[in-house]
Amino acid sequence: MSVDSDGADDGKVGPFSALLGFKLVEARPERVVLEATPGPEHANGGGIVHGGYLTALLDSASGWAVHTNVEPEVRAPHTHLSVQYVRAALVGRPLRCTGTCVRAGGRVAAAEAEVVDPERGVIARAVTTHALLR
């Protein structure tokens with residue numbers, strides 16, 4: 001993802017995010033918003049959305065939030081991702097994930113993200129740490 005000087009995104013998501021159906025809705029230095037609607041192929045054996053799908057959504061939003069706060073050439077791989085699952089996500093229910101960069105320093109960045117079902121509330125949240133590779 002790249003963001004131009006006025007904060008508008010270029011509309012592109014990576015191949016993994018595209019495979020999972022993630023859509024970039026907003027990308028600004030204050031926050032990044034992704035939307036997704038998990039299908040039956042994203043469910044676990046119990047019929048609810050797999051935690052890995054939610055983690056990928058949190059990972060993407062927090063990573064992109066960091067990238068909106070650093071120079072375009074900087075790489076920012078996750079070095080830590082901690083997820084708290086609050087309630088089950090349901091297949092076919094739209095999800096909205098907001099990521100924010102808490103701080104981007106010289107070598108390390110911190111971010112957080114939250115997945116919400118607009119009608120059911122918070123589904124999962126994460127705190128992350130990223131190495132800043134200049």
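Student: Among contacts in the chain between residues at least 6 apart in sequence, what share joins residues at least 24 apart?

Tutor: The share is 62%. Keep in mind that this is a predicted model.

Student: What makes two residues a contact here?

Tutor: They need heavy atoms within 4.5 Å.

Student: How do you know that the chain agrees with a compact globule?

Tutor: Set the value against the rule. A compact globule of 134 residues would have a radius of gyration near 14 Å. The chain has 14 Å, so it agrees. Its C-alpha atoms fill a box of roughly 45 × 25 × 25 Å along the principal axes.

Student: Which elements does the chain have, and how do they run from the N terminus on?

Tutor: There are two helices and six strands. Their order is α-β-β-α-β-β-β-β.

Student: Why is Val74 called buried?

Tutor: Buried means under 20% relative accessible area. Val74 has 1%, so Val74 is buried. Val74 sits in the loop between helix 2 and strand 3.

Student: What does Val74 touch, leaving out residues up to four places away in sequence?

Tutor: Val74 touches His67, Leu132, Leu133 and Arg134. Compare Val74 with Ala131: they are 57 residues apart in sequence, and their C-alpha atoms are 9.7 Å apart in space.

Student: Why does His42 count as buried?

Tutor: Use the cut-off again: under 20%. His42 has 11% relative accessibility, so His42 counts as buried. Its place is the loop between strand 2 (31–36) and helix 2. Beyond residues up to four places away in sequence, His42 touches Leu20, Ile48, Val49, His50 and Tyr53.

Student: And Thr68, buried or exposed?

Tutor: Thr68 has a relative accessible area of 13%, so Thr68 is buried. Thr68 lies in the loop between helix 2 (51–67) and strand 3 (78–85).

Student: What makes the link between the side chains of Thr68 and Asn69 a polar contact?

Tutor: A polar contact needs a pair of N or O atoms within 3.5 Å, one able to donate a hydrogen and the other to accept it. The side chains of Thr68 and Asn69 are joined at 3.1 Å. The Thr68 side chain also reaches the backbone oxygen of Ala65, at 2.7 Å.

Student: How much of the whole chain counts as buried?

Tutor: Of its 134 residues, 37% do. The accessible surface comes to about 7,000 Å², and 53% of that belongs to carbon and sulfur atoms.

Student: How far apart are the mean positions of the positive and negative charges?

Tutor: They are 4 Å apart, for 13 positive and 15 negative charges.

Terms used: Residues are numbered from 1 along each chain as its sequence is written. This is a predicted model: local features need pLDDT of at least 70, side-chain atom pairs count only at pLDDT 80 or more; totals for chains, interfaces and linings use all residues. Side-chain values use heavy atoms; hydrogens and water are left out. Helices (H or I, at least four residues) and strands (E, at least two) are DSSP runs, numbered from the N terminus. The radius of gyration is taken over C-alpha atoms; the globule rule is 2.2 Å times the number of residues to the power 0.38. Buried means under 20% relative accessible area, exposed over 50%, partly exposed in between (1.4 Å probe, protein chains only). Accessible areas come from the Shrake-Rupley method with a 1.4 Å probe; for residues, only the protein chains shown count as cover. Lys and Arg count as positive and Asp and Glu as negative; His and the chain ends are not counted. The place of a charge is taken as NZ of Lys, CZ of Arg, CG of Asp or CD of Glu.
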